[in-house]
Amino acid sequence: PTGDPAMIFQVLTEEQLSPELAALKPQYLYVPLTLMTEKLDLLRPFAEQGTIPVAVLPRVITDDQAEDMHAMLSRAAENGVREALVGNMGHIFFARRAGMRVRGDFGLNVFNSFTEEVLQQAGLVSATASFELRVAQIRDLAKAVDTEMIVYGRLPCMITEQCIIRNSAGRCNCTVPNNLADRRGALFPVLPAFGHRNQIFNAHKLYLADKHEDYETAGLWGVRLMFTTETPHECVAVMQSYQGLTDYRPNGLTRGLYYRGVE
């Protein structure tokens, strides 16, 4: 691709879908399918700015949840959503059945050019480079399909089948922030996921705004800012930082594996 990569916002909560964020005019907006179907009206300010909405499918979908997926995707499609983000090869079927174009998430483990060739043959229109690659390795991918890179946010550590919030507290109160602490006292956010599961995210936020020349010259189609625990104000501040408008930097930032690789 030539020119600047497309700017992609990924949100996790209803509050993050603020008019102030819409005013920053991202080219794409990744929204959890479950949230999208409940709060379609919140997408209107983004659509008015020309932003393309993309439905993010849950990371885990069991057979007994398949019809719920079909119903939600059909509703999203009826309201103008034409693209879906999947992190599992088996989930392509759900998006295709709803008539949507398919984009690949980090769960597809795009670690080399051969993987991208397979995804291109499977009909995907884009793929997300593994965040376990170094920036130089992402640059050297052959890019059989449009390739994006996650350049901001708390990277996911794991997804649990059980709701550990309920198991530890005796009841499930997923609206209250929860954390797991490691032996050094670092706090890993525990957030609810579809199917009464939990997602555990990194204690530190990936931040690369000051390294923009590295990813802007890596042949990318898009770069993604992934918002998880951020308030609406923080989401705007982060984007302004990536636009060079402020010197905002999150506390406890990390560069991930982009400069040291997998050890």
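A charge sits over a ring if NZ of Lys or CZ of Arg is within 6 Å of the ring centre and within 35 degrees of the ring normal. Select Lys-211 and Tyr-259: Lys-211 lies over the face of Tyr-259, at 5.1 Å from the ring centre.

This is a predicted model, in which local features need pLDDT of at least 70, side-chain atom pairs count only at pLDDT 80 or more, and totals for chains, interfaces and linings use all residues. Residues are numbered from 1 along each chain as its sequence is written, and side-chain values use heavy atoms, with hydrogens and water left out.

**Whole chain**

Show the chain as a cartoon. Ten helices and 14 strands make up its secondary structure (DSSP runs numbered from the N terminus: helices are H or I with at least four residues, strands are E with at least two). The radius of gyration is 18 Å, close to the 18 Å that the globule rule gives for 263 residues, so the chain is as compact as a globular protein of that length. That radius is taken over C-alpha atoms, and the globule rule is 2.2 Å times the number of residues to the power 0.38. Along the principal axes, the C-alpha trace spans about 45 × 45 × 40 Å.

Of the 263 residues, 48% are buried (buried is under 20% relative accessible area, exposed over 50%, partly exposed in between, with a 1.4 Å probe and protein chains only). Contacts (heavy atoms within 4.5 Å) between residues at least 6 apart in sequence join residues at least 24 apart in 64% of cases.

**The four-stranded sheet**

Select β8, β9, β10 and β11. They form an open antiparallel sheet in the order β8-β11-β10-β9, where two strands pair if DSSP finds at least two bridges between them. β8 (156-160) and β9 (178-181) are the edge strands, each with a single partner, so one side of each has no neighbour in the sheet. On average, neighbouring strands are turned by 30° against each other, direction ignored; axes here are lines fitted to C-alpha atoms, for helices over the stretch in contact, and angles run from 0 to 180 degrees between N-to-C directions.

Pro-192 stands opposite Asn-198 in β11. Next take Pro-189, also placed in strand β10. Is Pro-189 buried or exposed? Pro-189 is buried, with a relative accessible area of 5%. Neighbours within four places in sequence aside, its contacts include Arg-154, Asn-178, Asn-179, Phe-201 and Thr-229.

**From the sheet to Thr-228**

Thr-228 is in the loop between β13 (222-226) and α10 (232-242) and is buried at 6% relative accessible area. Beyond four places in sequence, it touches Leu-12, Thr-13, Gln-16, Arg-154, Leu-191 and Phe-201.

**Helix α10**

Follow the chain into α10, where the buried residues include Cys-235, Val-238, Met-239 and Tyr-242. Against which elements do the buried residues of α10 pack? They pack against β1 (6-10), α1 (19-22), β7 (146-153), β12 (205-207), α9 (212-216) and β13. Gly-244 follows the helix, with a positive phi near 80°.

**Aromatic rings**

Display the aromatic side chains. The structure holds seven aromatic pairs (rings of Phe, Tyr and Trp, the last by its six-membered ring, with centres within 6.5 Å; planes under 30 degrees apart are stacked, over 60 edge-to-face, the rest tilted). Phe-9 and Phe-227 form an edge-to-face pair, 5.8 Å centre to centre with 65° between the planes. This pair links distant parts of the chain, with Phe-9 in strand β1 and Phe-227 in the loop between β13 and α10, 218 residues apart. Phe-9 is buried at 0% relative accessibility, and Phe-227 is buried at 1%.

Move to Tyr-152 and Tyr-242, whose ring centres are 6.1 Å apart with planes at 75°, so this pair is edge-to-face. Tyr-152 lies in strand β7 and Tyr-242 in helix α10, so the pair ties together parts 90 residues apart in sequence. Tyr-152 is buried at 0%, and Tyr-242 is buried at 10%. Phe-9, Tyr-152, Tyr-207, Phe-227 and Tyr-242 form one aromatic cluster.

**Two lysines with positive phi**

Lys-25 has a positive phi of about 60° although it is not a glycine; Lys-25 lies in the loop between α1 and β2 (28-32) and is exposed at 51%. Lys-143 has a positive phi near 60°; Lys-143 sits in the loop between α7 (135-140) and β7 and is buried at 17%.
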